[in-house]
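Hi,

Here is the structure I promised to pass on. Have a look at it first, and then read my notes below.

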Amino acid sequence: MTQEFAPGIHHGIDDDAYHGGPGISKSGLWTIYTRSPAHYRFAPSKDTGAFAIGKAAHIAILEPETFEARVMKGPADRRGNNWKDAQAEAANTGRLLLTSGDYDTGLLMRDAVHADARINAIITGSAAQIEHSGFWIDEETGVLCKCRPDLYRPDLGIMLDLKSTTDAHPNAFARSVISYGYHTQEAWYAGGYRALQQNVEGFVFLAVEKTDPFVCALYELPPSIVAEGQAIARKALARYAECAAADQWPGYSGEITELTFKRWSYTETQPEMEEM
C-alpha cells in the first residue's frame, strides 16, 4: 500500500487513480450485492454520455470556478469527424468533453442550485471539502475500504451527496434510493469517516433534475433505511473479503435454481403460494 492510499483522508487523488487504486468502495459492494463478485472483478467500466453529464454537473455545481478549465464544449452531437476532432482536443488538454447541449445543461443546473441560498451556503462555505478520498481498515475483515464524498463540511458535521436525476420528486427519489443503493452509500460514507475519527452528524442528498426547470431538493434518509443499507454493506463486504482471500470471484449459482415469482406475475391463474 502506497502512502497515497494509506488510511486517512487525502486530497488531490484524481478520479482514475482513486477508482483504479486499492480498496473496496460502495459501488464495488453494490455490484457484489446486486450482481456477483465476477461482475465486480471482471466487468469493464463504461463511460457513457449520462456518466459524462453527471460528472460535469458535479464540477459545475460543487466547483463552479473550475468548470471552464475542466469541461470542453463540443459539437451538437457525437457523430462524424467534428466529434472525433473534439475528442482529440479534449484528450490533449485533459478536459471532459460534452455536446454543446449537455454543456449548457450543466451550467443551467449550476445556476438553479446556487439560486437556493441554503444550498449555496453549504457548498460555498470556506470549510467545504470537495471529493476528498477517505481510506480505512475495516476492523472485522481487515479489508482496506474507501469512500469519496462529494462534499463534507467538518465545521457542520454534514456530508452532502449530489445526484443528477430525471425526477427529483420525493416519491421518485425514494425509489432511486433503493434502486441505486443510496442508503448503502450513506451508511458506508458516514461509517468510513467516523472510523477515521471525523464528525458526521448529518447526511443529505441534493437531487437535481437534468431538464428544465432544473428543480432541486434536499433529502435525508430515515434511520431505518440507513440501517438496511448498513446491513447490505456488511454482507457484501464479508463476501468480498472471502473472494479476495481465495482469489475466487464466482458469478451466479452453478446449480439449477427454480425461479420465484410475485403474485402480480399471474394474470390468468390463481396459484397457491405464500405471500412474498
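Before the strands come up, a word on terms: two strands pair if DSSP finds at least two bridges between them. Helices (H or I, at least four residues) and strands (E, at least two) are DSSP runs, numbered from the N terminus. This is a predicted model, where local features need pLDDT of at least 70 and side-chain atom pairs count only at pLDDT 80 or more, while totals for chains, interfaces and linings use all residues. Residues are numbered from 1 along each chain as its sequence is written, and side-chain values use heavy atoms, with hydrogens and water left out.

Let's start with the sheet. Five strands make an open sheet in the order β4-β7-β8-β9-β10, and the pairing is mixed. β4 and β10 are at the edges with a single partner strand each, so one side of each has no neighbour in the sheet.

With β8 (residues 158-165), β9 pairs in the parallel sense over eight bridges, and Thr 165 stands opposite Glu 209 of β9. With β10, β9 runs antiparallel, joined by four bridges. Leu 206 has Leu 218 in β10 as its bridge partner, and Phe 205 stands opposite Tyr 219, also in β10. Is β9 enclosed or open? Seven of its eight residues are buried (under 20% relative accessible area; exposed is over 50%, partly exposed in between, with a 1.4 Å probe and protein chains only). That is why β9 is largely enclosed by the rest of the structure.

β9 and β10 form a hairpin with six residues between them, and Phe 214 in the turn has a positive phi of about 55°. In the loop between these two strands you will also find Pro 213, which is joined to Asp 212 by a cis peptide bond with omega about 15°. As background, most residues other than glycine have a negative phi, and most peptide bonds are trans.

Two other non-glycine residues have a positive phi. Glu 131 has about 50° and is placed in the loop between β4 (129-130) and β5 (133-137). Gln 197 has about 65° and belongs to the loop between α10 and β9; Gln 197 is exposed, at 70% relative accessible area.

Now for the inside. A nonpolar core here is a set of buried Ala, Val, Leu, Ile, Met, Phe, Trp, Tyr and Cys residues joined through side-chain atoms within 4.5 Å. Which members of the largest core touch the most other members? Among its 34 residues, they are Ile 24, Trp 188 and Leu 237. Elements supplying at least two residues each include α2 (26-34), α9 (170-180), α10 (182-195) and α11 (223-246). The largest share, seven residues, comes from α11. Apart from this core lies another, of 17 residues, including Val 113, Leu 160, Leu 162 and Phe 214.

Leu 259, Phe 261 and Tyr 266 make a nonpolar surface patch of about 310 Å². Accessible areas come from the Shrake-Rupley method with a 1.4 Å probe, and for residues only the protein chains shown count as cover. Leu 259 sits in the segment after α11 and counts as exposed at 63% relative accessibility.

Cheers

Note on methods: Patches are made of residues with over 30% relative accessible area and no salt bridge: like charges are joined within 9 Å, nonpolar side chains (Val, Leu, Ile, Met, Phe, Trp, Tyr) within 5 Å. A salt bridge is a side-chain nitrogen of Lys or Arg within 4 Å of a carboxyl oxygen of Asp or Glu.
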